[in-house]
Amino acid sequence: MKRAVTIQDISCFGKCSITVALPIISAMGVECAIIPTAVLSTHTGGFKGWTFRDLADDIPSICSHWMKEGITFDGVYTGYLGSPEQAKMIEDFVEEFKPEMVFVDPVMGDNGKLYAGFDDRIVTAMKHLCSKADIIVPNLTEASFMLGEDFRHPGEYDEAYIRELLKKLTGLGAKIAAVTGVRYDDEMQGVVGYNSETGEYTEYFAPHLPLSCHGTGDVFSSTMFAALMRGKDLHESMRIAADNTCNCIKATIGDEKHWYGVKFEQCIPDLIKML
Ligand code: PXL
């Protein structure tokens, strides 16, 4: 069994980051350790008055203990950081542990805006972290911020724009970039990937669903990361991740009390069958 570590926050309630990554990655047959970047009472979107504790001080000590124990990792998947300074700590982790796959989801915003509490410094830090990755999976907002481009809404871009964006994203240093939340029309939504070594593009689109939920980016990235760890290729991993995310959204539609993260738990049996 492959062994991975995911580095992102614990949002105690809300179903995002570690509380979805750990169950999904484990269910997909990959051993998963964690390094929590921060502890929050909830995710920052949709709630007011959340608590926040930065765990930056613990990251280097966790790493040096693991180093002493001789623990190794096949892959690392990073998400939401507690502060821009943590990017450097993760870069040091990658340098020391040398995992085969470094998968970076530069979680920092959506719908053209940075998440609460973030400013330009997180953009610079994530850009630098992306230069150390093998695969990066920004959404269109994160891609625009990292490339210093104006955010474009659905309908304001075409395939040529996305292809150019992907080339620029791999220009940050990762071999592969996949951009999520791509919508050329009202009907479909998808993910487009680019391998800068082969020059190949690959895409997967599914019908656009009429519900925007918190934590879906984390469901997508956790699934894609675990699929890659299980040996699936880029296209297959994107497809499994997109289908699982759509299933989770469909399972949540219609339950107005469940306005926070998605009901990913009931989709796990079907997810396992996709492997
Ligand atoms: O789902 C991304 C995410 C992760 N962690 C925290 C968040 C968000 C998005 O809002 O607030 C704390």
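## Contacts and overall dimensions

Counting contacts in the protein chain between residues at least 6 apart in sequence, 68% join residues at least 24 apart. The model is predicted, and the protein chain contains nine helices and 11 strands.

The C-alpha trace spans about 50 × 45 × 40 Å along its principal axes. For 275 residues, a compact globule would have a radius of gyration near 19 Å, and the value of 17 Å for the protein chain agrees with this.

## Surface and charge

The protein chain exposes about 12,200 Å², and carbon and sulfur atoms supply 50% of this area. Of the 275 residues, 53% are buried.

Among the side chains of the protein chain, 25 are positive and 39 are negative. The centres of these two sets lie 2 Å apart.

In soluble globular proteins, nonpolar side chains tend to be buried together. In this model, the largest nonpolar core has 48 residues, of which Phe93, Ile162, Leu169 and Val179 touch the most other members. Helix α4, residues 120–130, gives the most to this core, contributing six residues.

What is Ile162 in contact with, leaving aside its neighbours within four places in sequence? The contacts of Ile162 are Leu140, Tyr157, Val179, Val182, Tyr184 and Val192. A second, separate core has 42 residues, including Val20, Met224, Met229 and Ile240.

## Helix α5

Helix α5 comprises residues 140–147 and is mostly covered, with seven of its eight residues buried. The buried residues are Leu140, Thr141, Glu142, Ala143, Ser144, Met146 and Leu147. One of them, Leu140, is also a contact of Ile162.

The buried residues of α5 pack against two helices, α4 and α6 (159–170), and against the strands β6 (109–110), β7 (113–114) and β9 (176–182).

## Arg239 in helix α8

Arg239 lies in helix α8, which covers residues 234–252.

Arg239 and Met224 are 15 residues apart along the chain, and their C-alpha atoms are separated by 8.3 Å. Met224 itself is included in the second core.

Conventions:
Residues numbered from 1 in each chain as written. Predicted model: local features only at pLDDT ≥ 70, side-chain atom pairs only at ≥ 80, totals over all residues. Heavy atoms only, no water. Helix = DSSP H or I, 4+ residues; strand = E, 2+ residues; numbered from the N terminus. Rg over C-alpha atoms; globule rule 2.2 N^0.38 Å. Buried < 20%, exposed > 50% of the residue type's maximum accessible area, 1.4 Å probe, protein only. Contact = heavy atoms within 4.5 Å. Areas by Shrake-Rupley, 256 points an atom, 1.4 Å probe, with all protein chains shown as cover. Lys, Arg positive; Asp, Glu negative; His and termini not counted. Charge placed at Lys NZ, Arg CZ, Asp CG, Glu CD. Core = buried A, V, L, I, M, F, W, Y, C linked by side-chain atoms within 4.5 Å.
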